[in-house]
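Subject: Structure handover and notes on helix packing

Dear colleague,

I am passing on the structure below, followed by notes on what was found in it. Please read the notes with the sequence and the structure side by side.

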Amino acid sequence: MHHAALIPWLDPATIIGTAGPWALLVVCFIVFAETGLLVGFLLPGDTLLVIAGLLSHPIAGAEHGVFGINVWFVAILIGLSAFIGGEVGYVIGHKGGPAVFERKESGLFSKKNVERTNAFFERFGGITVILARFVPIVRTFAPVAAGVGHMPWRKYTLYNLIGAVLWGFGLTMFGYLIGFIPPVAHFVESYIDLILLAAVGGTAIVTLWHYLSERRKAKKEAMAGEGETDAAEAEELALDSEVFDRAPDLDGDGKH
């Protein structure tokens, strides 16, 4: 027994017929931007992937769910977007050098975000590229920091691939699998329109919230005289290449 769509144009069959492939494209772009573009940290990652997996379940009138294609393809495309994003982020850092970290006015850029990412690299070495996928903000800056610090490209790409598979492919599949739990399955089937609304609205709200809070932080830093990052400071933010060869320091005591 399916309840009628709350809003006629939100009828799942209509959405799938017209917007399914586009919706997948948007999800892939968000995943790409999160690791490929410096403003990507404003976007919601993990939850969106789990929801994408959930929405790949068969529902009335669509055997492959909202996107209209098999979940394996959905997960592979999301994983691929994550991988390409990571490569683009690395290239931006590699080509731009420390200048990428230079900022003159208080925009969205926060030195603290880079410092937080660098702290991850100091502690976990090159493997940060994999771990960072699961940490908001750090996942956006890790590829760039690796590029600026000239992490060996082959090593970076291998770790980027592993991270993209575990995070992009893995979380999407995880979302798909929890859809087999009967109460979840029932909820997805009955309230697919609400889930879609939540996914779209949630993405917009999270992005706006992150944007405003980052602006606030940047203004605070500027007032404290920390807003600008000149060439010398940007140079300091670049990691030494030996960091990438470190073994992870799991005790967190700083000794290697």
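Helix α2 (residues 46–54) packs against helix α7 (residues 153–178) at an angle of about 50°, with the two axes 6 Å apart, where an axis is a line fitted to C-alpha atoms, for helices over the stretch in contact, and angles run from 0 to 180 degrees between N-to-C directions. Helices (H or I, at least four residues) are DSSP runs numbered from the N terminus. This is a predicted model, in which local features need pLDDT of at least 70 and side-chain atom pairs count only at pLDDT 80 or more, while totals for chains, interfaces and linings use all residues. Residues are numbered from 1 along each chain as its sequence is written, and side-chain values use heavy atoms, with hydrogens and water left out.

α2 and α7 are therefore oblique to each other (angles under 35 degrees count as roughly parallel, over 145 as roughly antiparallel, 65 to 115 as roughly perpendicular and the rest as oblique). Their crossing is right-handed, which is the term used if the near helix is turned clockwise from the far one by less than a right angle. On the α2 side the contact (heavy atoms within 4.5 Å) includes Asp46, Leu49 and Val50, and these and others meet α7 residues among them Trp167, Leu171 and Phe174. By class, the residues of this contact divide into nine nonpolar, four polar and one charged (Ala, Val, Leu, Ile, Met, Phe, Trp, Tyr, Cys and Pro count as nonpolar, Asp, Glu, Lys and Arg as charged, and the others, Gly among them, as polar).

α7 also meets helix α3 (residues 71–96), and the axes of these two come within 8 Å and cross at roughly 145°, in a right-handed crossing. Among the residues in contact are Val71, Trp72 and Glu87 in α3, and Trp153, Tyr156 and Asn160 in α7. This contact has 17 nonpolar, six polar and one charged residues.

α3 packs in turn with helix α6 (residues 138–148) at an angle of about 40°, their axes being 6 Å apart, which makes α3 oblique to α6. Here Gly86, Gly89, Tyr90, Gly93 and His94 in α3 meet Pro143, Val144, Ala146, Gly147 and Val148 in α6, a contact with five nonpolar, five polar and no charged residues.

Lastly, there is one cavity of 30 Å³ or more, and the largest cavity has a volume of about 50 Å³. Its lining includes Gly86, Pro143, Tyr156 and Asn160; α6 gives the most to this lining, with three residues. A cavity is a set of points, on a 1 Å grid over the protein atoms alone, where a 1.4 Å probe fits but cannot get out, and lining residues have an atom within 4 Å of a point. Grid points are joined across faces, edges and corners, and a volume is the space filled by probe spheres set on the points.

Best regards

Key:
1 Å grid on protein atoms, 1.4 Å probe; cavity = no way out; pocket = protein on both sides within 12 Å on 5 of 7 lines; lining within 4 Å.
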